[in-house]
Amino acid sequence: MNWTTEQILKLAPDAASAKAAQGLLNLRKWSGLGADERAAWGLCQGSGAKPYQSQIDLAEPAFKCSCPSRKFPCKHGLALFLLLAEERASFTQTQQPEWVATWITGRSQRAERRQEKEAAAQAPKTAEQQLEAEARAAKTEARRLERVKDGVEDLMIWLEDLVRTGLASMSGKEPSFWENQAARLVDAQAPGLARLVRKLAMVPATGAGWQDRLLHSMSQLYLLLDAFQRIESLPSPVQEDIRSLLGWTEDQGALKDHDGIKDEWIVLGQRTILEDRLQVQRCWLHGSNSQRDALVLTFAYGNQAPYSGLMPGTRFPGELVFFPGELGLRALVKARAEHTAPMDSLPGRPIQGALEGWSATLVRHPWLELYPLTLANATPSHRAGRWMLSDAAGKSLPLDPAFSQLWQMIALSGGNPIEVFGEWDGERFVPLSAVAEGRFVELSVC
Amino acid sequence: MSSASANVSAPTSVWEQLVKTALLGSERAPVPSGTPNDIQLAGLLSQLKQENREAALLRSAALVAIYERAGLVAESAAEASLPVCASDHLPRCGPGAAAYLRRILEGQYRLLLPEFLAALRAIGKRVPEEMLPAVLAAAKTISANLVLEVIGRRGQWLAGLNPEWGFIGTQVAVEDWETGTRAGRVVLLRHLRNSNPEKAISLLESTWNTDAPEDRSAFVAELQHGLCLQDEPFLEKALDDRRKEVRKKAASLLMSLPQSALVERMRQRVVPLVRLESSSRLKKNLGKPSLQIDLPQECDDAAQRDGVELNPPQGLGQKAWWLQQMVCAIPPQRWENHLQLSPEQAVAAFDGSEFRSALLPAVAEAARRHRNPRWAGALVLTAFQHIKESKVKGMAVLGGLPNDLLDTVAVMEESDRDAFVIEHLDRRGAAADSVLALRLLDSCPGPWSRALAESLLSLLRHMVGQMTEGKGSPFWMGIADPHTLGSQMPLSLADQLQEGWPEDATSKPFFKPIQTIMEVLQFRSKMHKEINR
């Protein structure tokens, strides 16, 4: 894949790193620059006597540098990558030096060993060992189930208490009020419920109408708990959804062995948010033939930026496998062509039609938080100080007041209808990308 | 929630009742038991398990919420839609150039924004639509004309929609003068001042009495363009304006007109107070003329009307303050006539006088206002003289710089100024010389001539050489901003700048400013290449 400067800069963990990397773009600072199909490498003169050895495994990309930086990738790695994109001719070496070959071979070997280990884990040697492993797993699972059941009961009583004393006092609660309950749920091995309680904590601060929103969220949570208590009586895809919401995770390795949907996939847009010290990137895709919507989640801790390899505004032939459940939105990329083509239009629909897609999904999965909407012929407009998108059919969709790229979208429209993609939470719409005059633009801070 | 449904007629819907109960707490209020109008919903609700009141409330709420969302009908479209913008005829700049613009706006090279926009203008391209908000926000500090030319019709349309960008106005038509926005009227005024200054004045007069003070202030400022004696009657009236800002601006403009009545009034106030000493003393002082100066005894209403402020700032005597303000209004050439001295002699005379700390800044401001290069040159030299006499060394020099005198260098003739600054850049004696030369560069508007840039480069090489030999100190790191220096050097020197530095110097901390200059030049070169592709 041919990386552009902009794409590379997006890998930077923060703005200071990007700036520092650009300060290292002077070829005078670098020596021994080289690259082949798999890797790129170079020596960068720092403030010390010995230059830093910096290298990139282009297959991922992955970075390694001998500098003491704790950031990932460090400014040397970023600068090396930028130089590779902008001054390819300066990478004159073609033979990997020893310190590069060792690392690259090591990575290949580790990848191989990982695969072997996984294969070994799935195929134990004797029937006896298999029975043992299964018994152990069953015991752990049973214990977890007991804990979760207790946690669920505890949470139901807690929610009922809140309703008994009244929601009016919710806006004045200390953060520890919510955090204590969340912590109990983590102890009960139901991290999904802990996350939902933390989301509840933020509702009183959302401004006018918070009371409605709080009752709404609390009642949805209660419904989930009700459903869990009756889980065996529900259809199996719904059971998957409920387990997933409570915090049971899917074995992604096993998932990739299933058959997925092969299609020409369009990358519509993405949004990265910080959730409890974790960077979560939501990337939305759409299958051109299957008309299937998909959500790929990528995570990163602290200083790293999540990297999914998916670029909004591009399309590629590939195979996506979907997580089990009634919802069927979350997916993984099982296989894909490296090459991508640009998009010059979005599969947009009128507002009412798009909303009907949402409500049809909602009745199958009431706990739906965010839904992708792609609108055709939408024009930004306003009424009494509130901004919205209006379409040719005479319908409108309210925009999130905190939507920070409003003026960017208005500029792209010029009063004319455009295609817009974004996330709908049931109440407000946050646009993430748009196509105007045949140009795809990601609505981002600029 | 309830706004989403089409059910406007029912005063309290089921959902609203539930919220009300939940707010108060089911302890205090009974769970709503009335059946909703919607039979289907009522039917569903009656099927819920009713264990305890709280569970019942929560379950009902969940059901009603989903029920209503499932039947969500979008609100109707807004009546107030945006006006449609006419299509642009200027082409957008390419994505490569846009990437450079993004980096400039992100803050790293913000000072290069005017250069970028000027390059776009030169090639007849415009800023891409999605970058307009960021450019408009950044444009407050740069020339509105330049911005107007590269944002295209879309940019002007956008600016008209958001009061925060009101300073970029779409020019109002003459007929719409009375109802136009402030920004639009400002643009019209500026336009008229270039072609038909009297028309601008007559427009102003037509609404002056009813215009808001902020408007009047903005409009008066526009009269600086195409300022001429015909504007005098209007400006004289403005001296009586209710708003101090307007009065000050009017006075300042009248001071720029050497033939105005205000200048004449000032002349009558202050010129007689300044006289050459009698000739016997002159002979004794061997060609250094000395002045006899009387302080003004009063600052009456007429003087205050002409812009003289009564109360001095900290540290200055009241009468000396009046003297300073009055002298500031006199075009420097008048002193030459009155005292029968050349500019250099006159400056020396002021310098040698009792009140030089008040007089020199005043004369400097007058020299800047009237763009008098000879006076500027003499003043800068005098400033240098003071600095040397103070015998302050190295970095400490920066503390006591007479900045208002040094800034007059901007007003010198370009060739004189270049020669002057180059002369000081080329000196290899005291460190103070180099400090001063670098300080002067700040006031030299870019782009610099090649000669000036090469002179700077040679000084930098000398300093780095000194540092590697262990001599000298990195004082110059604090004086001139390397980003500014890098933005003003001619691009043709980019290659020369890269080469010729001692190997062991380039990794040292003191080399960092030079490294920055190189980076800025490299960025600019690539930026121009990308724009012109």
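Q: Which residue lies over the face of B:Trp177?
A: That's B:Arg185, at 4.4 Å from the ring centre. A charge counts as sitting over a ring if NZ of Lys or CZ of Arg is within 6 Å of the ring centre and within 35 degrees of the ring normal. Keep in mind that this is a predicted model, where local features need pLDDT of at least 70 and side-chain atom pairs pLDDT 80 or more, while totals for chains, interfaces and linings use all residues. Residues are numbered from 1 along each chain as its sequence is written, chains are lettered from A and ligands numbered from 1 in the order written, and side-chain values use heavy atoms, without hydrogens or water.

Q: And what lies over the face of A:Phe316?
A: A:Arg336, with 4.4 Å to the ring centre.

Q: OK, ring pairs. How many aromatic pairs are there over all chains?
A: 15. Rings of Phe, Tyr and Trp (its six-membered ring) pair when their centres lie within 6.5 Å; planes under 30 degrees apart are stacked, over 60 edge-to-face, the rest tilted.

Q: Why is the pair of A:Phe63 and A:Phe81 edge-to-face?
A: Because the planes sit at 65°, with the centres 5.9 Å apart. A:Phe63 is in strand S4 (residues 62-65) of chain A and A:Phe81 in helix H3 (residues 75-86), so the pair ties together parts 18 residues apart in sequence. Helices (H or I, at least four residues) and strands (E, at least two) are DSSP runs numbered from the N terminus.

Q: Is A:Phe81 buried or exposed?
A: Buried, at 3% relative accessibility. Buried is under 20% relative accessible area, exposed over 50%, partly exposed in between (1.4 Å probe, protein chains only). A:Phe63 is buried too, at 11%.

Q: What about B:Tyr109 and B:Phe523, how far apart are the ring centres?
A: 4.3 Å, with the planes at 40°, so that pair is tilted. B:Tyr109 sits in the loop between helices H4 (95-105) and H5 (113-123) of chain B, and B:Phe523 is in helix H27 (residues 512-531), 414 residues away.
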